[in-house]
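Trainee: I am new to this structure and would like to learn how to read it feature by feature. Could we look at it together?

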Amino acid sequence: MAEQTLFDRLGGVYGISGAVDVLVDRLFENAAVNANQAVHAHHGVAANAPGYKFLVTAWSIEATGGPTCYVGEDMVEAHDDLAIDEAGFDAVAMEIAATLSFLGVPAAEHREFMDIIEGYRSQVVQATAA
């Protein structure tokens, strides 16, 4: 029997979309994440949440070994005009980790997903702290 993908171990589409639903609400309210004015310009508009949830869900499905469904830009293009620094990346990563813990994701899957997130640091961080 083949080893299950992280996608499968996280509960597939339903598990991932449920986690993203919680995560995006938390990100839109997180003061450290929204300290970046370019990020806040997006997160500060509640009407953006459904589209953002869709994109983050689709990206997460693909990143964890699920079916191809992400229609957004690559990570460099998606973050190009946001001037995200290390602190901003860390704030989002901390919120992702807190959400996984809140939802009871097992330690192995939690670590594996956070390793995926960390692997994108160089593509997302495009600014130095002021």
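Trainee: Which residues does asparagine 48 touch, not counting residues up to four places away in sequence?

Mentor: This is a predicted model, in which local features need pLDDT of at least 70, side-chain atom pairs count only at pLDDT 80 or more, and totals for chains, interfaces and linings use all residues. Residues are numbered from 1 along each chain as its sequence is written, and side-chain values use heavy atoms, with hydrogens and water left out. Contact means heavy atoms within 4.5 Å, and by that rule asparagine 48 touches Phe28, Ala41 and His42. Asparagine 48 and phenylalanine 28 are 20 residues apart in sequence, and their C-alpha atoms are 9.7 Å apart in space.

Trainee: Where is asparagine 48 placed, and is asparagine 48 buried, exposed or partly exposed?

Mentor: Helices are DSSP runs (H or I, at least four residues) numbered from the N terminus, and asparagine 48 sits in the loop between H4 and H5. Buried means under 20% relative accessible area, exposed over 50% and partly exposed in between, with a 1.4 Å probe and protein chains only; asparagine 48, at 25%, therefore counts as partly exposed.

Trainee: How would valine 24 be described by its relative accessible area?

Mentor: Valine 24, which lies in helix H2, has a relative accessible area of 0% and so is buried. Leaving aside neighbours within four places in sequence, valine 24 is in contact with Ala49, Tyr52 and Lys53.

Trainee: How far apart are the end C-alpha atoms of H5, and what covers the buried residues of H5?

Mentor: The expected span of a helix is 1.5 Å times one less than its number of residues. The 15 residues of H5 should therefore span 21 Å, and the end C-alpha atoms of H5 are 20 Å apart, which agrees. The buried residues of H5 include Ala49, Lys53, Val56 and Trp59, and what covers the buried residues includes helix H1 (6-9), H2, H6 and H8. Glycine 65, with a positive phi near 95 degrees, follows H5.

Trainee: Which residue caps the N-terminal end of H7?

Mentor: Aspartate 85 does so, with a side-chain oxygen 3.3 Å from the backbone nitrogen of alanine 87. H7 has 17 residues and reaches 24 Å from its first C-alpha to its last, close to the 24 Å expected. Among the elements that cover the buried residues of H7 are H2, H3, H8 and H9.

Trainee: With which side chain does the side chain of arginine 121 make a polar contact?

Mentor: A polar contact is a pair of N or O atoms within 3.5 Å; within protein, one must be able to donate a hydrogen and the other to accept it, and residues adjacent in sequence count only if both atoms are side-chain atoms. Here the partner is the side chain of aspartate 90, at 2.7 Å. Arginine 121 belongs to helix H9 (residues 121-124) and, at 16% relative accessibility, counts as buried.

Trainee: Which residues have contacts with arginine 121, not counting residues up to four places away in sequence?

Mentor: Arginine 121 touches Glu86, Phe89 and Asp90.

Technical notes. Helices (H or I, at least four residues) and strands (E, at least two) are DSSP runs, numbered from the N terminus.
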